[in-house]
Amino acid sequence: MMLKRFTASALYAIRLPINWQPTSNVCVCRTLEFKKNRLEIDNEEPLKKIRPKTVPQPKITLLGLEKDVSVVTIDVASKMCERRGLKLVKIVDIDTKTQRPVYQMMTANQFLKEDLKNHQNKDEKNPNQLKKEKTVLINCRIGQSDLESKVNNIHKWLSKMHEVRMTITGDTANEVADELIKMTQDYSRVVQRRQKGDTVKFQLLPPKIS
């Protein structure tokens, strides 16, 4: 009888699950595990690249060879000129009506004429603006005829608004400088006269135009 009870108890113990849990707890655990795995997968996906916003290029008013008008970007205008072997020249900074800069397509000859015209207008607006300087070297032993020839060249340069830089060397450099200044006094003005040893230097400028 005792052996029969022991055997029945053992068989009952074997049929019981070792880690028994209610069915509801198992479902909750599996749901949480699924959400955790899904979250990890979502985090592993690469972030979408944000496309930078394209900045619109400002437009210009373009004048063609026949004065035809078009509105394009500066890049398009440059490529058009490059294909045709033309120059792209800005003629107006900002058009008050369109609020756009104005460019013109020009041939090489047109560009040179326009450049010369701009220089002439600039000279007219500022008549006292000096051009590239000229340099004159004189030795005190120079003859009178050679000195007069130098003075003639100086006169021409000053009349064209060039600055003339004078350097006179020798024992009598001061006397020669005084004589040269006297010969050019009607159409020049002397600035920055200085002496170092037997060398006298000064600049001759054209008279100011009021």
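Me: A polar contact is a pair of N or O atoms within 3.5 Å; within protein, one must be able to donate a hydrogen and the other to accept it, and residues adjacent in sequence count only if both are side-chain atoms. Which side chain does the side chain of Thr-61 join in a polar contact?

Reply: This is a predicted model, where local features need pLDDT of at least 70, side-chain atom pairs need 80 or more, and totals for chains, interfaces and linings use all residues. Residues are numbered from 1 along each chain as its sequence is written, and side-chain values use heavy atoms, without hydrogens or water. Thr-61 sits in strand β1, residues 59-63 (strands are DSSP E runs of at least two residues, helices H or I runs of at least four, numbered from the N terminus). At 3.1 Å, its side-chain partner is Arg-100.

Me: Is Thr-61 buried or exposed?

Reply: Beyond four places in sequence, Thr-61 contacts (heavy atoms within 4.5 Å) Val-69, Ser-70, Thr-98, Arg-100, Pro-101, Val-102 and Tyr-103. Its relative accessible area is 9%. The cut-offs are under 20% for buried and over 50% for exposed, with partly exposed in between (1.4 Å probe, protein chains only). So Thr-61 is buried.

Me: Which strands stand at the edges of the four-stranded sheet?

Reply: The sheet is open and mixed, in the order β5-β6-β8-β7; strands pair if DSSP finds at least two bridges between them. Two strands have a single partner each, so one side of each lacks a neighbour in the sheet. They are β5 (131-139) and β7 (189-196).

Me: At about what angle does helix α5 run to β5?

Reply: Angles run from 0 to 180 degrees between N-to-C directions, with axes fitted to C-alpha atoms, for helices over the stretch in contact. Helix α5 (residues 144-159) lies across β5, β6 and β8 (199-205). Its angle to β5 is about 170°.
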